[in-house]
Amino acid sequence: MGASLVVASRSYADFTPEATFDIKKVDLHRLEEGPPLTSTLTREEGLKYYRTMQTIRRMELKADQLYKQKIIRGFCHLYDGQEACAVGIEGGITLSDHLITAYRAHGYTLTRGGTVREIMAELTGRRGGIAKGKGGSMHMYTKNFYGGNGIVGAQVPLGAGVALACKYLGNDQLCVSLYGDGAANQGQIFETYNMSSLWKLPIIFICENNQYAMGTSVERSAASTEYYKRGDYIPGIRVDGMDVLCVREATKFAAAHCRSGKGPILMELQTYRYHGHSMSDPGVSYRTREEIQEVRSKSDPISMLKDRMLSNNMASIEELKEIDIAVRKEIEDAAQFATTDPEPPLDDLCSHIFANDQPFEVRGATPWTKLTSTS
């Protein structure tokens, strides 16, 4: 209540409506010039980015808690630490553009229009989940968002297919296709580079380099750790993936490149995950707790944005605390729903496989058969 009064006592006119910040220069490959070295942020954008990143962070911490309570089961890959990647990318494209990613997908499900409630319920396998409780952590979808994909690197050629559709339809849209540093060594990715370059597809390949793949440092797993150069004949940029403004400006630059008909471009976002590869990985057998803490203290994406806004009078501490409180409440409400919503009924198991109830006959197989439990 006290914080509300303090915020209310300050008129919005007291805050700086926008400010321009110096951002880190990106490394270039096969490009004469790159994104700008400054970024202008409005107060409205800053508050929006802060809320979204804080929501992703809190949602993932709650997922960690529910997993340890064995309420979430199976695979679960958390995104905390990498929030600036998802929020920055979305700041540089539109929701009419397309996006496909690997299994660390919770953050993108939120930025692409999913709700915290739908995401949490999907993690617990409930009927109200974004995939009706049938997809779990790795398989979430919204309009123009094609998942969460569980096969390492397989989403990249799928993304090229989406980009081919964009070019074919001539709708000035593009596809963002994300993968990690571990998947960057997959052969299908290089095949996709080749086809995308030949066909000049409007696709932004993004390698979220969080430095450890499934648990092996990039130096031990890749002969070349300059992932932004891996496209060879495809232009590339290497970006500070912990700074939401760096990511946003780089994405705007890459999107303009694609929309101008120049074909694909490759972005490497240098980022860091705070959790292990998945919930089955404690994350400290191949790196030290001290290393994780150092990244948290020096390069945390939420803290970086918060400091910029406070030091330029774009928000007050009380206002940001109000956002934190509202986000925590949203997460708790979603977790309550995700633990009380019923699981999908057994006779619904074979639905949602085809667009129609019975599109064609397959001899000896009737996937729309209703199932019943014998236990």
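View 1. Tyr 272 is buried, with a relative accessible area of 3%; buried denotes under 20% relative accessible area, exposed over 50% and partly exposed the range in between, for a 1.4 Å probe and protein chains only. The model is predicted, so that local features need pLDDT of at least 70 and side-chain atom pairs pLDDT 80 or more, whereas totals for chains, interfaces and linings use all residues. Residues are numbered from 1 along each chain as its sequence is written, and side-chain values use heavy atoms, with hydrogens and water left out. Tyr 212 is likewise buried, at 8%. Because the ring centres of Tyr 212 and Tyr 272 are 6.4 Å apart and the planes meet at 85 degrees, the pair is edge-to-face. Rings of Phe, Tyr and Trp (its six-membered ring) pair when their centres lie within 6.5 Å, with planes under 30 degrees apart counted as stacked, over 60 as edge-to-face and the rest as tilted. The two tyrosines are 60 residues apart: Tyr 212 belongs to the loop between strand E6 (203–209) and helix H8 (218–221), and Tyr 272 to the loop between strand E8 (265–270) and helix H10 (289–299). Helices (H or I, at least four residues) and strands (E, at least two) are DSSP runs, numbered from the N terminus.

View 2. The model contains 5 aromatic pairs. Tyr 79 and Tyr 108 form an edge-to-face pair, because their ring centres lie 5.5 Å apart with planes at 65 degrees. This pair joins the loop between helix H2 (43–68) and helix H3 (83–92) to helix H4 (residues 106–111) across 29 residues. Tyr 79 is buried at 0% relative accessibility, and Tyr 108 is buried with a relative accessible area of 0%. Elsewhere, Phe 190, Tyr 193 and Phe 205 make up one aromatic cluster.

**View 3. Arginines over aromatic faces.** Arg 296 lies over the face of Tyr 274, 4.1 Å from the ring centre. Arg 308 lies over the face of Phe 21, at 5.5 Å from the ring centre. The criterion places NZ of Lys or CZ of Arg within 6 Å of the ring centre and within 35 degrees of the ring normal.

View 4. An open sheet of 6 strands has the order E2-E7-E8-E6-E5-E4 with mixed pairing; two strands pair if DSSP finds at least two bridges between them. Strand E2 (27–29) and strand E4 (98–100) are at the edges, each with a single partner strand, so one side of each has no neighbour in the sheet. From one strand to the next, the twist averages 20 degrees. Strand E5 (residues 175–180) runs parallel to E6, joined by 6 bridges. Leu 178 has Ile 206 of E6 as its bridge partner. Helix H6 (residues 155–169) packs on the sheet, touching E4, E5 and E6, and its direction makes about 170 degrees with that of E5. Helix H7 (residues 187–199) lies across E5, E6 and E8 at about 155 degrees to E6. Axes are lines fitted to C-alpha atoms, for helices over the stretch in contact, with angles from 0 to 180 degrees between N-to-C directions.

**View 5. Surroundings of His 257.** His 257 is in helix H9 (residues 244–259) and is buried at 9% relative accessibility. Not counting residues up to four places away in sequence, His 257 touches Pro 235, Lys 262, Gly 263, Pro 264 and Ile 265, where contact means heavy atoms within 4.5 Å.
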